[in-house]
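Welcome! Please take a look at it before reading on.

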Amino acid sequence: MNKEYYIITGANGSIGQAITEELARQGLSIIMACRNLAKSQPVQQQIIEKTGNTDITLLPLDLASFASILEFANRLSQDSVAIQTLINNAGVMNQHYSQTADGFESTIGVNYIGTVLLTRLLLPLMHPGSRIVTTTSLTRYIGKIDESFFGGSPHDYKRFEAYSKSKLALTLYTARLAQELRPRGIWVNAADPGVVDTDMITMHSWVDPLANRFFRPFISTPQEGAAGAIFAATSPEAYGVTGEIFKKKKHTPIPPRVIHAPKALWLYEETGKRITEALSKQPAHEEKI
């Protein structure tokens, strides 16, 4: 039987690093999937030294590039990697409008579209009992999904709006994917870290010094924020749980009213179409997602 791996995207900092370190302490085989290898290599070495676990592999993955996602998935497939758990942790909240290599607005493109494509491509490497855990956010409560979701322009870009949309979309997609994969025995859940002390909440404005002094001391550490994803990914108690949101060791079902909302089905189907269209433009590759 092939060795089974735990894959963590965005494993080189904050919550992702905290998840990776705890899984390493448990003696698990880990693949750190990171965009910036120069930044990630010292983190990898630090975790190895702290935990004594040398079975930590670092591989390049840029969720803003379909070519990079395809290369990552193909490498794992060629190496016959068996995936026990995929932890979709990587995310961005860009201050200014930009686009991915495939023409999507970057926050939506990285947080949602790239994550969905990666998950889809890695499904053949999973088996009954495998788990998928995707990081959501409290901002999903203010997110809105409409026909402009895949559009947007520099003129109307708002970073919190784009971020909240991406996290709501991830939550909706998690619920739909959980229903789809339940017959295969693959468990799909989201993890809500709460408000965590990370660089992502930096405003790049005069507010930051005040926030650092009065707000940051009262929010969760990355280790506290990572607890839900770790529990969902590794705990025997979470085995068989699917379509739910984990916050530390508590988990609740994604509400049916959310799952069955008309926009949820539209998003699920439209995402497949958009990804398939973008994939068809990749050299020598065309695949229906």
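The notes below cover a helix pair, a glutamine in a strand, and salt bridges.

This is a predicted model, in which local features need pLDDT of at least 70, side-chain atom pairs count only at pLDDT 80 or more, and totals for chains, interfaces and linings use all residues. Residues are numbered from 1 along each chain as its sequence is written, and side-chain values use heavy atoms, with hydrogens and water left out.

**Two packed helices**

- Helix α5 (residues 159-181) packs with helix α9 (residues 262-280) at an angle of about 80°, and their axes are 10 Å apart; the axes are lines fitted to C-alpha atoms over the stretch in contact, with angles running from 0 to 180 degrees between N-to-C directions.
- Helices here are DSSP runs (H or I, at least four residues), as are strands (E, at least two), numbered from the N terminus.
- α5 and α9 are therefore roughly perpendicular, a term for angles of 65 to 115 degrees.
- On the α5 side, the contact (heavy atoms within 4.5 Å) is made by A169, L172, Y173, R176, L177 and E180, while α9 brings A264, L265, L267, Y268 and T271.
- These contact residues divide into eight nonpolar, one polar and two charged; Ala, Val, Leu, Ile, Met, Phe, Trp, Tyr, Cys and Pro count as nonpolar, Asp, Glu, Lys and Arg as charged, and the others, Gly among them, as polar.

**A glutamine in a strand**

- Q84 is found in strand β4 (residues 82-88).
- With 11% relative accessibility, Q84 counts as buried (buried is under 20% relative accessible area, exposed over 50%, partly exposed in between, with a 1.4 Å probe and protein chains only).
- The Q84 side chain reaches the backbone oxygen of G129 at 3.0 Å.
- Leaving out residues up to four places away in sequence, Q84 touches E4, Y5, Y6, H127, G129, S130 and R131.

**Salt bridges**

- The whole structure holds nine salt bridges (a side-chain nitrogen of Lys or Arg within 4 Å of a carboxyl oxygen of Asp or Glu).
- In helix α1 (residues 14-25), E21 and R25 lie four residues apart, about one turn of the helix, and their side chains meet in a salt bridge at 2.6 Å, N to O.
- E21 is buried at 10%, whereas R25 is partly exposed at 47%.
- E21, E22, R25 and K50 are linked in a salt-bridge network.
- In helix α9, E270 and R274 are four residues apart, and the closest N and O atoms of their salt bridge are 3.0 Å apart.
- E270 is buried at 16%, and R274 is partly exposed at 28%.

Notes. Angles under 35 degrees count as roughly parallel, over 145 as roughly antiparallel, 65 to 115 as roughly perpendicular and the rest as oblique. A polar contact is a pair of N or O atoms within 3.5 Å; within protein, one must be able to donate a hydrogen and the other to accept it, and residues adjacent in sequence count only if both atoms are side-chain atoms.
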